[in-house]
Amino acid sequence: MASLGVDSEQEPLLGDRTPGSREWDIIETEEHCKSRWRSIRILYLTMFLSSVGNVAVIRSYIAGATSLQERTSSMANTSACQALGFILGPVFQTCFALIGEKGVTWDVVKLQINMYTAPVLLGAFLGILNIILILTILREHRVDDSGRQCKNINFEEASADEVQVPQGNIDQVAVVATNVLFFVILFIFALFETIVTPLTMDMYAWTREQAVLYDGIILAALGVEAVIIFMGIKLLSKKIGERALLLGGLIIIWVGFFVLLPWGNQFPKIQWEDLHNNTIPNTTFGEIIITLWKSPRENHSEEPTGCPVEQAWCLYTPMIHLAQFLISAVLIGIGYPSCNVMSYTLYSKILGPNPQGVYMGWLTASGSAARILGPVFISQVYTAWGPRWAFSLVCGMVVLTITLLGVVYRRLIAFSVRHGRIQE
């Protein structure tokens, strides 16, 4: 995890130059700097090992322990560690399959270690190790937007160099708008993850086994792409800013879903192909289905593939070519990580140096709601109306989100910048 750091993390924070001097005012001791970054890296490790249930706490801590110039890089590292955990977790589980179902048995405690129990035992061991590291290394650190150490409520005595938390009102309009942006971003990616398997099975006549394998490879590749994007936006954000990256990411997501719209005159394979050759006069659609259902199959071991005839849109909606799907996946894989990191990085800057636990809890709650509602929305719309309507509605949703971002664009600034304490 140390490799995720940058050179600026190795040195204490510097303040403004003293008038008439070429020297910088040191506002952080080397010892404090090392302790602060050890604590932050422990939280990187926590995100890598187990991010479920503690995302809001970790983001809140990192937001309070970093200055504005360090915030984007630290948040990107946090997301990169989380993405690495999501990627490597299934890989480790696959490796444990080599142990087999029988495995080995530890007779002393009657513990059987096999392909099912080994991942659980490893997870428990890593969890205990993580707890030990948190208890022994993690320390409370709070700095203001400039990097000056703030007075910590967990300690009775404060250093003479510590400053009080700056007072001021938080821009609630920007807070609500950022929550909405974060909701839409996670909503869109959650529905994309959900629709990948049924879409590929309908369009390319993949079996369930093929869909699980190929879609798993695609999503794993998107995870690797996300890690690369997380590292890249650390550099881009310093040149063009977080708001511009958020806007650019939303535009790329829109292009990705626009590419995914069905075009052309080639149609997907229908599961009941005999319907095209059925010439029985005065036969209702229901009677045709019953006849086909009762008719013997050529091979009972093969599952039906293609677009189910129960989905009426399969008969008139053009198929989405594999090249379309892959290009769309790559574009969404670029746009989503950028929007994800930039949204909660901006959120933490809007909140300022005040404790952010409650606000980060609301942000995490909005993301959780998006992950619940996204799959429900896309599964209902896709099944009833097909990919053309489903992805058109998503494109419209992204356009509205871009419009919202344009309306509040000037308000998405750091707390200290808004109150005139720091120049943007």
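This briefing describes the helices, the nonpolar core and a few single residues of one protein structure.

The structure is a predicted model, in which local features need pLDDT of at least 70 and side-chain atom pairs count only at pLDDT 80 or more, while totals for chains, interfaces and linings use all residues. Residues are numbered from 1 along each chain as its sequence is written, and side-chain values use heavy atoms, with hydrogens and water left out. The secondary structure comes to twelve helices and four strands, where helices (H or I, at least four residues) and strands (E, at least two) are DSSP runs numbered from the N terminus. Of the 424 residues in the protein, 44% are buried, a word that here means under 20% relative accessible area, with exposed meaning over 50% and partly exposed in between (1.4 Å probe, protein chains only).

**Contacts and the nonpolar core**

- Among contacts (heavy atoms within 4.5 Å) between residues at least 6 apart in sequence, 75% join residues at least 24 apart.
- The largest nonpolar core has 88 residues, a nonpolar core being a set of buried Ala, Val, Leu, Ile, Met, Phe, Trp, Tyr and Cys residues joined through side-chain atoms within 4.5 Å.
- Helix 5 (residues 172–204) gives the largest share of this core, 18 residues.
- The members that touch the most other members are Ile62, Leu199, Leu246, Phe257, Val341, Phe391 and Leu412.
- Leaving aside residues up to four places away in sequence, Phe257 touches Ile188, Leu191, Phe192, Ser328, Ile332, Phe391, Val394 and Cys395.

**Pairs of packed helices**

- Two packed helices are described by the angle between their axes and the distance between the axes; axes are lines fitted to C-alpha atoms, for helices over the stretch in contact, and angles run from 0 to 180 degrees between N-to-C directions.
- Helix 5 and helix 7 (residues 242–259) pack at an angle of about 30°, with their axes 12 Å apart, and are therefore roughly parallel to each other, given that angles under 35 degrees count as roughly parallel, over 145 as roughly antiparallel, 65 to 115 as roughly perpendicular and the rest as oblique.
- In this pair, Leu181, Ile185, Ile188, Leu191 and Phe192 of helix 5 make the contact with Leu246, Leu250, Ile253 and Phe257 of helix 7.
- The axes of helix 3 (residues 68–96) and helix 6 (residues 208–240) come within 9 Å and cross at roughly 175°, and these two helices are therefore roughly antiparallel.
- Among the residues that meet are Ala76, Ala80 and Ala83 in helix 3, and Gly223, Val227 and Phe230 in helix 6.

**Helix 9**

- Helix 9 (residues 322–351) has 30 residues and reaches 44 Å from its first C-alpha to its last, close to the 44 Å expected at 1.5 Å a residue, where the expected span is 1.5 Å times one less than the number of residues.
- Because 23 of its 30 residues are buried, helix 9 is largely enclosed by the rest of the structure.
- Ser348 lies in helix 9 and is buried, with a relative accessible area of 0%.
- Just after helix 9, Gly352 takes a positive phi of about 80°.

- Met203 is found in helix 5 and counts as buried at 3% relative accessibility.
- Met203 and Pro268 are 65 residues apart in sequence and 5.3 Å apart in space, C-alpha to C-alpha.
- Ala205 is placed in the loop between helix 5 and helix 6, and its phi is near 55°, a positive value in a residue other than glycine.
- Most residues other than glycine have a negative phi.
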